[in-house]
Amino acid sequence: MQNYHRPVLHFTPQKGWINDPNGLVYENGNYHLFAQHYPDDIQWGPMHWYHAVSKDLVHWQHLPIALAPDELGMIFSGSAVYDAENTSGFGSKEHPPIVAMYTSHGETEQQSLAWSVDFVHFHKYEGNPVIPNTALPDFRDPKILPNPQGGWTVVLAAGDRVVFYASQNLKDWEKTGEFYEGNHSAGVWECPDLFPLMIGGQEKWVLLVSMSAEHENHGSRTQYFLGQFDGKTFVCDQPFSKPEWIDQGYDNYAGVTFHNTQQRILMGWGMNWAYSSYIPADTYKGNMTLARKLALVETPMGGIRLAQTPIADGVFDSGTPCDGTLPGGLFRLHIKGSGVGTVTLSNSRGQELTLGVDEQNRLFTDRSRAGAVDFDEDFASDWYAKTLSPRWYEGDWEMDVIFDHTICELFMDEGTLAVTQLVFPDGGYDRVTASPNLQLTVYAPV
Ligand code: FRU
């Protein structure tokens, strides 16, 4: 089948399949992105690590595959850190290494290391695995972070929980804790991340947990917990009564953050396991979400929430009031509204994507008529085509929409509501209609 206009702002592989972002790390002006990758087909297969590098998180240079399967198994998801002090001894003070930890997926799942000092060629550690598995069927996706007490921590997913390990040298690890309370969602836990953010002069820790594809979750989605981390284990201090998803849409999974950046930056796989095998594609399959800056905000109705701001610096012009036309494949749309309002993006084929705010102050999107939908019954079903999310704020509203050929990212309520949805129109949306009470500004690519 045909690739429906490859996104230009969102990261895609040159060819083959990608899923989870892995090893997100910053060093000396370069953002490194690795990804779960099968080079020989556009379906999931024996996993490698794709590698690309960027100066601005918008333009990417593709690099050779960083890691390929070996006698311990496939190279499943994991993370990387810039080991500036050379605590691992893999490099030197003059040439600090990037150290990656990934899951070796063979007869069992265990954690292994690889390192590089030129940040292109990676060497597997001869002492692998560094965290062997005892008996768990699911024991994967290690995320390394600086331990607030010194040294390093790893958080990794173990079935229905996350477990924590600590180390001084990235090679010798000791278990320090587990967290599993407050899970309201079905599915195996995957791809955790743990990081601090400041709110009101205080530090709060955010634990991200991706939940494998379950119908109850609307497929694969990522939830978060807020709490404290003492260097050993995480304790939730603001329990939610239902899963608190980082994204109200259905196409943002396995998101994790960069190591070694000033601001906390998240990137996810712009896809859902529910239909990832079936979406229209020819030479490649899979894209990332935009990189997003993370913050915590105090909301008027429900305590503290995670907020996201997309990074697309230098991509769009300074904007013009909308006259009913759109640039087609790539554009940004800012919508100001009060009360109920609907916006419909459409093309000459009569395909349309609608979004807005309804009578009950809920954000909605509907992609059921947005383009190709019949490749899979899930994609077009109400369950996956329509989103409906209570807003955190009352009254006037603003919505920021970034549309890029086959992926739409929408943010409102200070970024506490994010919706990421794939769509497959046969031609770019080049026209827009809106309720008369809405003000639209269009930003074209420069
Ligand atoms: C999440 C995941 C991970 C695993 C990887 C395999 O999407 O299932 O748990 O490491 O994908 O590709």
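User: Which domains is the protein divided into?

Analyst: Domain bounds come from an automatic or database domain assignment. Here the protein is divided into domain 1 (16–310) and domain 2 (320–443). This is a predicted model: local features need pLDDT of at least 70, side-chain atom pairs count only at pLDDT 80 or more, and totals for chains, interfaces and linings use all residues. Residues are numbered from 1 along each chain as its sequence is written, and side-chain values use heavy atoms, with hydrogens and water left out.

User: What separates the centres of domain 1 and domain 2, and how many residues are in contact?

Analyst: Contact means heavy atoms within 4.5 Å. Taken over C-alpha atoms, the two centres are 29 Å apart. From domain 1, 36 residues are in contact with 31 residues of domain 2.

User: How many helices and strands does the protein have?

Analyst: Helices (H or I, at least four residues) and strands (E, at least two) are DSSP runs, numbered from the N terminus. This protein has two helices and 33 strands.

User: What share of the residues count as buried?

Analyst: Buried means under 20% relative accessible area, exposed over 50%, and partly exposed in between (1.4 Å probe, protein chains only). Of the 446 residues, 61% count as buried.

User: Is Gln223 buried or exposed?

Analyst: Gln223 has 1% relative accessibility, so it counts as buried. Gln223 sits in strand S15 (residues 219–229). Beyond neighbours within four places in sequence, its contacts include Asn183, Leu207, Pro243 and Trp245.

User: Where does the largest pocket lie?

Analyst: Rolling a probe the size of a water molecule over the atoms shows where empty space is left. The search uses a 1 Å grid over the protein atoms alone: a cavity is a set of points where a 1.4 Å probe fits but cannot get out, and a pocket is an open set with protein on both sides within 12 Å along at least five of seven lines; lining residues have an atom within 4 Å of a point. Grid points are joined across faces, edges and corners, and a volume is the space filled by probe spheres set on the points. The largest pocket has a volume of about 440 Å³. Of its 21 lining residues, Lys242, Pro243, Trp245, Gln248 and Leu388 are the closest to its centre. Domain 1 and domain 2 both give residues to the lining, so the pocket lies between them. Strand S28 (residues 386–390) gives the most, with five residues.

User: Which residues lie nearest the centre of the second largest pocket?

Analyst: They are Pro146, Pro196, Asn260, Thr261 and Arg264, out of 15 lining residues. Strand S9 (140–146) and strand S13 (189–199) are the elements that give two or more residues to this lining. S9 gives the most, with four residues. The volume is about 250 Å³.

User: How many cavities does a search of the whole structure find?

Analyst: The search finds seven cavities of 30 Å³ or more.
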